[in-house]
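The tour goes from a term to single residues and then to the whole chain.

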Amino acid sequence: MQSKTKFISGAEKFKNLQRIKDAFTVKKIYTGGHGQLKFILQYVHHYLFFLRKKDYERATLMLYVIEKEYENILSLDQVVLSLGINPFCEKGCLLGDYVYKTSGKNTTEKILIDDIVAKLITSKTYKMALCKISDLNAKAVLEKIIIGEEKLIKALENSFNKLRRKSNKSPLNLQLQL
């Protein structure tokens, strides 16, 4: 009787461990403390805020941001699945401290600043993850998402600066140091 046990070389074991490590790095992007799932709740909250204020231009911008975030989550799900782990969120990842400090911020300027900061954090998180990942397919997805994040940051900054100009205030240039 022949054994069906397959010999796995040290190099193959290392490659498998690296894929799992890559998968958990990517998974943390959307389930971690500054994850996509948490920020998408922030953008939904802000969409509803702008809708109630009848600021349809910014409400439409928030819908666009939400759509792009959802596409990013779907892409990240596929990467995590392809790397061999379950993409589902750990217990409690949507709870905790709600979203990125949105409570009590009820002005259009403050909300847009929150959203710009959230996008800057998300972009920085992707860039840090990109440095840790070795899987080329995962890197390609993250690079595509980073480009999209930078476009969303510009759109939010343009909306913010347009609002500032409308109220005769000078535009702000937000920088994030993590």
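A residue is called buried if its relative accessible area is under 20%, exposed if over 50%, and partly exposed in between, with a 1.4 Å probe and protein chains only. This is a predicted model, in which local features need pLDDT of at least 70, side-chain atom pairs count only at pLDDT 80 or more, and totals for chains, interfaces and linings use all residues. Residues are numbered from 1 along each chain as its sequence is written, and side-chain values use heavy atoms, with hydrogens and water left out.

Select F49 and F50. Both are buried. Rings of Phe, Tyr and Trp (its six-membered ring) pair if their centres lie within 6.5 Å; planes under 30 degrees apart count as stacked, over 60 as edge-to-face and the rest as tilted. By this rule there is one aromatic pair. F49 and F50 form it edge-to-face, with 5.4 Å centre to centre and 70° between the planes.

Next, colour by secondary structure. The protein chain has five helices and zero strands, where helices (H or I, at least four residues) and strands (E, at least two) are DSSP runs, numbered from the N terminus.

Now select residues 136–166, which are helix α5. Its expected span is 1.5 Å times one less than its number of residues. With 31 residues α5 should span 45 Å, and its end C-alpha atoms are 45 Å apart, which agrees. At the start of α5, a side-chain oxygen of D135 comes within 3.2 Å of the backbone nitrogen of N137. After α5 comes N168, with a positive phi near 60°.

Finally, show the whole chain: of its 178 residues, 42% are buried.

Note on methods: A polar contact is a pair of N or O atoms within 3.5 Å; within protein, one must be able to donate a hydrogen and the other to accept it, and residues adjacent in sequence count only if both atoms are side-chain atoms.
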